[in-house]
Amino acid sequence: MGRGTDMTQHDFPEELIRHRPALERSARRLCRNRHDAEDLVQATLVRAWQAREQFNPGGNIGGWLYRILSNHHRDNLRRRNGIQVPLPDDVPDHTPVDEELSATLATPAEVALEALRQLPPDLRMPLELLALRGKRYREIAEELSLPINTVGTRIRRARQKLQELFSASAAPPKGPGR
């Protein structure tokens, strides 16, 4: 990417052009998709241009640009991997819906909270900290004095247990004639 240079603010556009190929290579490695990589590079260049006053002439512009690129990519991943539950108005009528997902989304809040209360405390606490308080795995690990891998395992087990409880509550009651 390049070491520090004696660049001035006047040279900034040329430096962006000079570093674009390296940014494109890095973006392709991160995104593994040509179109997403192009979008990432473009967003990086826009952000760099908007923040050009913050760059210290003589600094490592390649490193600075790469940091912008990687931070923007990480932000995109966080947004993309966030839990998104569509609102009823957003789901078209003709979309086939997974029965298990449908049962989970149709679960009344009281039933969901009761199912959460049924979880053992060692599974419930990490899930509550994640889902209800918005904490990250590392923060949960510190708060509960657990290894981060244990936090991930407990959250996965809690979700599986909740799914089982939701499926059981959504199943039709078995009667004598069935």
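Okay, let's start inside. The largest nonpolar core here has 17 residues, and the ones with the most contacts inside it are Phe 12, Ala 48, Trp 64 and Leu 65. The elements giving two or more residues to this core are helix 1, residues 12-31, along with helix 2 and helix 3, residues 61-81. Keep in mind that this is a predicted model.

What does Trp 64 touch, leaving out residues up to four places away in sequence? Phe 12 and Ala 48, plus Ala 51, Arg 52 and Phe 55. There's also a second, separate core, with 15 residues, including Leu 129, Ala 141, Val 151 and Phe 166. As a general point, nonpolar side chains in soluble globular proteins tend to be buried together.

Stepping back for a moment: the protein has 8 helices and 0 strands. Of its 178 residues, 27% count as buried. If you take the contacts with a separation of 6 or more, 59% of them are between residues 24 or more positions apart. And the accessible surface is about 12,700 Å², with 51% of that belonging to carbon and sulfur atoms.

Now helix 2, residues 34-50. With 17 residues at 1.5 Å each, helix 2 should span 24 Å, and its end C-alpha atoms are 24 Å apart, so that agrees. At the start of this helix, a side-chain oxygen of Asn 33 comes within 2.8 Å of the backbone nitrogen of His 35. The buried residues of helix 2 are Ala 37, Leu 40, Val 41, Ala 43, Thr 44, Leu 45 and Ala 48.

Glu 38 counts as partly exposed because its relative accessible area is 40%, while Arg 34, at 53%, is exposed.

How many salt bridges turn up in the whole structure? The search finds 5. Glu 24 is partly exposed at 29% relative accessibility, and Arg 20 is partly exposed at 31%.

Last one: Arg 124 and Glu 128, 3.7 Å from N to O. They're 4 residues apart in helix 6, residues 121-131, so about one helical turn separates them. Buried or exposed, these two? Arg 124 and Glu 128 are both buried.

Terms used:
Residues are numbered from 1 along each chain as its sequence is written. This is a predicted model: local features need pLDDT of at least 70, side-chain atom pairs count only at pLDDT 80 or more; totals for chains, interfaces and linings use all residues. Side-chain values use heavy atoms; hydrogens and water are left out. Buried means under 20% relative accessible area, exposed over 50%, partly exposed in between (1.4 Å probe, protein chains only). Contact means heavy atoms within 4.5 Å. Accessible areas come from the Shrake-Rupley method with a 1.4 Å probe; for residues, only the protein chains shown count as cover. The expected span of a helix is 1.5 Å times one less than its number of residues. A polar contact is a pair of N or O atoms within 3.5 Å; within protein, one must be able to donate a hydrogen and the other to accept it, and residues adjacent in sequence count only if both atoms are side-chain atoms. A nonpolar core is a set of buried Ala, Val, Leu, Ile, Met, Phe, Trp, Tyr and Cys residues joined through side-chain atoms within 4.5 Å. A salt bridge is a side-chain nitrogen of Lys or Arg within 4 Å of a carboxyl oxygen of Asp or Glu.
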